[in-house]
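I opened this notebook to record what I looked up in one structure. The entries follow the order in which I worked.

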Amino acid sequence: MPEQSDHPEQQPAHRFTPDAEWRRVSPKYLVVEVIGSIVTTAIIVAALLVASSLWGLWWAPWAAGAVALVALVAIALEPRRVRSIGYRLREDDLLFRRGIMFQRQVAVPYGRMQLVDITRGPVARALGLAELKFVTAAAATAVTVPGIPEAEADRLRDELVALAESRRAGL
């Protein structure tokens, strides 16, 4: 059994307990995604209809209808897509997953994290949500976890920054 040291500089700076299960994003995040899809679809459909009326493009109303139909299908699949997003804090890294058909799973080692950023869009902010972005030296491993409650995002950011600093220092 290892001896306990009385010197504070030799004690671990940060106690960390890995997750036993996947954490999911807030169900409120579905509202953010649906509103974003509706606004984007409305802008595209309006632009196509205006183009049709200004320049007499016969195909623009058909394109607007197709865009609206695709958007309806995408919105119908949105609840399942949001449920597929999850993250898990492990001993040495953060594991992130998302996707239904094309699944993505990324492990971001704590010692490689260079920046932990919190972003709050207007709709997400109104619902008390934020997104956490983890940036490493490798651009391919940049991970954004959306739909986290603001207080949890702040706590997680502070915890991950402390973990990253201790891992980079070799503690």
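This is a predicted model: local features need pLDDT of at least 70, side-chain atom pairs count only at pLDDT 80 or more; totals for chains, interfaces and linings use all residues.

**Entry 1: a helix pair.** Which residues in H1 meet which residues in H2? From H1, I listed Tyr 29, Leu 30, Glu 33, Val 34, Ser 37, Ile 38, Thr 41, Ile 44, Val 45, Leu 48, Leu 49 and Ser 52. Their partners in H2 are Ala 60, Pro 61, Ala 63, Ala 64, Val 67, Ala 68, Ala 71, Ile 75, Glu 78, Pro 79, Arg 81 and Val 82.

I then looked up the geometry of the pair. Two packed helices are described by the angle between their axes and the distance between the axes. Helix H1 covers residues 29–55 and helix H2 covers residues 60–83. They pack at an angle of about 175 degrees, and their axes are 9 Å apart. Angles over 145 degrees count as roughly antiparallel, so H1 is roughly antiparallel to H2.

**Entry 2: the whole chain.** I turned next to the overall plan. The chain has four helices and seven strands. Along the sequence, I read the pattern β-α-α-β-β-β-β-α-β-β-α. The chain has 171 residues, of which 30% are buried. I also looked up contacts between residues at least 6 apart in sequence: 52% of them join residues at least 24 apart.

**Entry 3: a sheet.** I found an open sheet of three strands in the order S5-S6-S7, with antiparallel pairing. S5 and S7 are the edge strands, since each pairs on one side only. Neighbouring strands of this sheet are turned by 20 degrees against each other on average, direction ignored. Between S5 and S6, I recorded six bridges. Asp 117 stands opposite Lys 133 in S6.

**Entry 4: helix H4.** How far apart are the end C-alpha atoms of H4? I found 27 Å for this helix, which runs through residues 150–168. At 1.5 Å a residue, its 19 residues should span 27 Å, so the two values agree.

I then asked which residues of H4 are buried. They are Ala 153, Leu 156, Glu 159, Leu 160, Leu 163, Ala 164 and Ser 166. These residues cover an arc of only 160 degrees around the axis, which puts them on the same side of H4.

H4 lies across S5, S6 and S7, and runs at about 170 degrees to S5.

Note on methods. Residues are numbered from 1 along each chain as its sequence is written. Side-chain values use heavy atoms; hydrogens and water are left out. Helices (H or I, at least four residues) and strands (E, at least two) are DSSP runs, numbered from the N terminus. The expected span of a helix is 1.5 Å times one less than its number of residues. Buried means under 20% relative accessible area, exposed over 50%, partly exposed in between (1.4 Å probe, protein chains only). The arc is that of the directions from the helix axis to the C-beta atoms. Two strands pair if DSSP finds at least two bridges between them. Axes are lines fitted to C-alpha atoms, for helices over the stretch in contact, and angles run from 0 to 180 degrees between N-to-C directions. Contact means heavy atoms within 4.5 Å. Angles under 35 degrees count as roughly parallel, over 145 as roughly antiparallel, 65 to 115 as roughly perpendicular and the rest as oblique.
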